[in-house]
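Welcome to this short tour. Have a look at the sequence and the 3D view below, and then we can walk through them together.

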Amino acid sequence: MLKSGILNAQLAHALARLGHTDTIVIADCGLPVPEGVELVDLALVFGVPTFEQVWHAVTDALEIEAVTIADATPAEVRALLPAELSEVIEVDHEQLKAEVARARVVVRSGSTTAYSNVILRCGVPFGS
């Protein structure tokens with residue numbers, strides 16, 4: 001048995017398949033997931049797990065080079081974005097939802113905070 005890291009088998013598998021420039025979405029429980037995009041549904045009940053818990057679990061496991069957020073993204077989600085992140089792209093909520101269709105996977109949290117959705121673009125943990 002693993003002693004640390006992602007224990008959810010579906011999520012661990014989805015993360016392990018990601019490569020440079022692939023995108024993954026961490027979403028609130030209300031974001032529509034387009035047909036054909038893999039969904040890892042972690043939501044148990046409203047608020048569980050929190051967006052922040054899912055954020056930390058996923059971003060601890062991945063190298064992130066950029067994020068896309070909506071202009072309506074709440075302050076508590078924006079506060080999670082690392083200061084050293086080189087690229088933060090801000091779009092309107094409808095554009096963000098359209099970009100979800102190109103993601104490799106959506107990870108659904110139990111968050112009920114409106115517009116708590118972030119698209120992460122994977123980087124590489126080594127130099128060029």
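This is a predicted model: local features need pLDDT of at least 70, side-chain atom pairs count only at pLDDT 80 or more; totals for chains, interfaces and linings use all residues.

**Thr23 and its surroundings**
- Thr23 belongs to strand E1, which covers residues 23-27.
- Beyond its neighbours within four places in sequence, Thr23 is in contact with Leu18, with Arg102, Ala103, Arg104 and Val105, and with Ile119, Leu120 and Arg121.

**The sheet**
- The sheet is open and is formed by 6 strands, in the order E2-E5-E1-E6-E3-E4, with mixed pairing.
- At the edges stand strand E2 (38-41) and strand E4 (88-91); each has a single partner strand, so one side of each is left without a neighbour in the sheet.
- On average, neighbouring strands of this sheet are turned by 20 degrees against each other, direction ignored.
- In general, strands of a sheet pair through backbone hydrogen bonds, either parallel or antiparallel.
- Strand E3 (residues 64-70) pairs with E4 in the parallel sense, over 4 bridges.
- Within this part of the sheet, Ile69 has Glu90 in E4 as its bridge partner.

**Helices on the sheet**
- H1 lies across E1, E2 and strand E5 (105-108), and H1 runs at about 140 degrees to E2.
- Helix H2 (residues 51-61) packs on the sheet, where it touches E1, E3, E5 and strand E6 (118-122).
- The direction of H2 makes about 155 degrees with that of E1.

- Ile119 lies in strand E6 and counts as buried, at 4% relative accessibility.
- Not counting residues up to four places away in sequence, Ile119 touches Thr23, Ile24 and Val25, then Ala66, Val67 and Thr68, and also Leu96, Glu99 and Val100.
- How far apart are Ile119 and Ile26 in sequence and in space? They are 93 residues apart in sequence and 6.6 Å apart in space, C-alpha to C-alpha.

**A nonpolar patch on the surface**
- Leu2 sits in the segment before helix H1 (9-16).
- Leu2 is exposed, with a relative accessible area of 53%.
- Together with Met1 and Leu7, Leu2 forms a nonpolar patch on the surface, and these residues have about 440 Å² of accessible area together.

How values were computed: Residues are numbered from 1 along each chain as its sequence is written. Side-chain values use heavy atoms; hydrogens and water are left out. Patches are made of residues with over 30% relative accessible area and no salt bridge: like charges are joined within 9 Å, nonpolar side chains (Val, Leu, Ile, Met, Phe, Trp, Tyr) within 5 Å. Accessible areas come from the Shrake-Rupley method with a 1.4 Å probe; for residues, only the protein chains shown count as cover. A salt bridge is a side-chain nitrogen of Lys or Arg within 4 Å of a carboxyl oxygen of Asp or Glu. Helices (H or I, at least four residues) and strands (E, at least two) are DSSP runs, numbered from the N terminus. Buried means under 20% relative accessible area, exposed over 50%, partly exposed in between (1.4 Å probe, protein chains only). Contact means heavy atoms within 4.5 Å. Two strands pair if DSSP finds at least two bridges between them. Axes are lines fitted to C-alpha atoms, for helices over the stretch in contact, and angles run from 0 to 180 degrees between N-to-C directions.
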